[in-house]
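Work through the exercises below with the sequence and coordinates at hand. Each task is followed by its solution.

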Amino acid sequence: MPTLLYDGDCGFCTATARWLHTRGGFEKRAWQGVDDLARWGLTHEDVSNAAHWIDDDGVVHGGPDAIAHAMVARGGAARVAGRLIVRQPVRFFSKIVYRWVAKNRHRLPG
């Protein structure tokens, strides 16, 4: 089953992961509860800087791509938005927005 790794110490991240997961279709896990990040080729630095999506084949997607995959899995209008996030020119801006959100996530509501 695909997995979304997120920052469980961040209220905004936790609330977002909870919202994305409301329709299921994937596992959500706070990275702080994962003992072996290396099995996916991830480091503590990787997961502390961005969310990650691990698909059924073990392929890892980080940052806005991870959120896009979770949105597609959620379905409905989120699926459409998730598909747009990974296409130009939206992809260019999604990376900028994601970096800002990741940097300021502890200041955001959640």
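**Exercise 1.** State which residues of helix α5 are buried in this predicted model, and which helices they pack against.

Solution. Apply the cut-off: a residue is buried under 20% relative accessible area. In α5 this holds for Arg91, Ser94, Tyr98, Ala102 and Asn104. Next, look for the partners of the buried residues of α5: they pack against α2 (44-49), α3 (64-74) and α4 (76-85).

**Exercise 2.** Check the span of helix α5 against 1.5 Å a residue.

Solution. Helix α5 covers residues 90-104, which is 15 residues.

**Exercise 3.** Classify Val90 as buried, partly exposed or exposed, and find the nonpolar surface patch it belongs to.

Solution. Val90 lies in helix α5. Its relative accessibility is 35%, so Val90 counts as partly exposed. On the surface, Val90 forms a nonpolar patch with Val80 and Leu84; together they have about 240 Å² of accessible area.

**Exercise 4.** Describe the largest nonpolar core and the contacts of Phe26.

Solution. The core has 18 residues, and Leu4, Leu20, Phe26, Trp53 and Ala70 have the most contacts inside it. At least two residues each come from β1 (3-6), α1 (11-21), α3, α4 and α5. The largest share, four residues, is supplied by α3. Beyond its neighbours within four places in sequence, Phe26 is in contact with Met1, Pro2, Leu4, Leu20, His21, Trp53, Ala70 and Ala73. Another core, of eight residues, lies apart from this one and includes Trp31, Leu37, Trp40 and Ile54.

Conventions:
Residues numbered from 1 in each chain as written. Predicted model: local features only at pLDDT ≥ 70, side-chain atom pairs only at ≥ 80, totals over all residues. Heavy atoms only, no water. Expected span 1.5 Å × (residues − 1). Buried < 20%, exposed > 50% of the residue type's maximum accessible area, 1.4 Å probe, protein only. Contact = heavy atoms within 4.5 Å. Patch = residues over 30% accessible without salt bridge, like charges linked within 9 Å, V, L, I, M, F, W, Y side chains within 5 Å. Areas by Shrake-Rupley, 256 points an atom, 1.4 Å probe, with all protein chains shown as cover. Salt bridge = Lys/Arg side-chain N within 4 Å of Asp/Glu carboxyl O. Core = buried A, V, L, I, M, F, W, Y, C linked by side-chain atoms within 4.5 Å.
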